[in-house]
Amino acid sequence: MSTPVTDFPTPPVHGFRGDASTPPPIVRPRGLCVAISREAGARGGSIARKVGELLGWQVFGQDTLDYLVQDETARGQFLAELPDNAKSWASAHLARLIRRNRVTTDDDTRIMLELLLAAGARGDIVIVGRAAGFLLPKETTVHIRVVAPIEDRIAYFAQWLRLGREEAIAEVAARDERRAKFLASVIGRNPADPTGYDAVVNTGRLGVEGAAQFIGWAVRTKQMFAELKETDEDDGPEEFSGV
C-alpha cells in the first residue's frame with residue numbers, strides 16, 4: 001500500500017533558537033546625544049540643524065516636542081517607533097529624578113519630559129531646549145549653551161519677525177525670561193550658570209557654521225573618551241603579582 005504524499009514526516013527546523021526574547025533593559029542611553037540650550041536670537045535652532053547634518057543625526061526641536069505633547073495620535077506614533085527598552089529607561093529615569101526632588105512636574109510637563117528622555121535614550125540625536133541637557137546623563141550627553149551679543153540677538157529678531165528695534169528688544173527679553181522660568185520651576189537651575197554645560201559657544205564670534213563644527217568636534221572628543229573608558233573597564237584592574 002502506497003503512503004500518501006501528505007504523510008512525509010515534518011522536517012526539523014534547523015537553526016531554531018526559540019522564541020525571541022525581550023531586549024534587556026538599558027542602564028543609560030544607547031548613544032551620545034547633543035542637547036542645545038540657547039539664548040533667544042543666538043541661532044540655536046539653526047546650529048542644531050547644521051549639527052544634525054554634520055553628524056547625520058535626527059534633530060528634535062521644541063516645536064516638534066510641543067506638538068507631540070498636544071497631539072495624542074502623533075505621540076503614539078512617535079513612541080511606537082522607539083525601542084521598548086528606551087521608553088522603559090525614560091520612565092524609570094524620570095521617576096528617579098522626581099523621587100530625588102531634582103524635577104518638579106505637572107501632568108503635561110511629565111509627558112513632555114518622558115518624550116524627551118525616550119528620544120535621548122535612543123542616542124544619535126540633537127535635542128533643542130526643554131532642559132534636555134540637565135536631565136539626560138552627562139556621560140552620554142554633549143550639553144552646549146549657545147550665546148551671542150545682545151545686539152546680534154536683537155538684530156536677528158528684528159529681521160526674522162520684521163520688528164522695530166524696541167519690539168525686538170522686548171521679544172528677546174520675553175523669550176529669555178520664559179526659558180529661565182521654565183528651568184527654575186522644573187529643575188531649579190539657572191541657564192546662565194556656565195558650569196552646567198560641556199561648552200558655551202558664542203555665535204557672535206564663530207557664526208552658525210563655526211559653532212556647528214565646534215560642537216561636532218566636541219561630540220567626537222566625547223565619543224573618543226567614552227570608548228577609552230569602556231576599554232579600560234573591559235580590561236579590568238591588573239592583578240598585583242608581587243615581587
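Which side chain meets D84 in a salt bridge? It is K87, at 3.3 Å, N to O. A salt bridge here is a side-chain nitrogen of Lys or Arg within 4 Å of a carboxyl oxygen of Asp or Glu.

Some ground rules. This is a predicted model, where local features need pLDDT of at least 70 and side-chain atom pairs count only at pLDDT 80 or more, while totals for chains, interfaces and linings use all residues. Residues are numbered from 1 along each chain as its sequence is written, and side-chain values use heavy atoms, with hydrogens and water left out.

Back to our pair. D84 and K87 are three residues apart in helix 4 (residues 84-99), so about one helical turn separates them. Helices (H or I, at least four residues) and strands (E, at least two) are DSSP runs, numbered from the N terminus. D84 counts as exposed, at 56% relative accessibility. K87 counts as partly exposed, at 24%. The cut-offs: buried is under 20% relative accessible area, exposed is over 50%, and partly exposed is in between, with a 1.4 Å probe and protein chains only.

Why do such pairs form at all? Side chains of opposite charge can pair when their charged atoms come close. The salt bridge count here comes to eleven.

Take another one. E114 forms a salt bridge with R110, and the closest N and O atoms are 3.5 Å apart. Both lie in helix 5 (residues 107-122), four residues apart, about one turn of the helix. E114 is partly exposed at 25%. R110 is partly exposed too, at 32%.

E39 and R153 meet in a salt bridge at 3.5 Å, N to O. E39 sits in the loop between strand 1 and helix 1, R153 sits in helix 7 (residues 150-160), and they are 114 residues apart. Buried or exposed? E39 is buried, at 19% relative accessible area. R153 is buried as well, at 6%. Salt bridges that share partners join E39, R153 and D176 into one network.

Five strands form an open sheet in the order 2-3-1-4-5, with parallel pairing. Two strands pair if DSSP finds at least two bridges between them. Strand 2 (58-60) and strand 5 (199-202) stand at the edges, each with a single partner strand, so one side of each has no neighbour in the sheet. Neighbouring strands are turned by 25 degrees against each other on average, direction ignored. Axes are lines fitted to C-alpha atoms, for helices over the stretch in contact, and angles run from 0 to 180 degrees between N-to-C directions.

Walk across the pairs. Strand 2 and strand 3 share three bridges, in the parallel sense. Q58 has I125 as its bridge partner in strand 3. Four bridges join strand 1 to strand 3. There, A35 has I127 as its bridge partner. Strand 4 (residues 141-147) and strand 5 pair over four bridges. V146 stands opposite V201 in strand 5.

What packs on this sheet? Helix 1 (residues 44-55) does, touching strand 1 (33-38), strand 2, strand 3 (125-128) and strand 4. Contact means heavy atoms within 4.5 Å. The direction of helix 1 makes about 165 degrees with that of strand 1.

Last, look at strand 3 itself. Both of its faces are covered. I125 and I127 on one side, and V126 and V128 on the other, are all buried.
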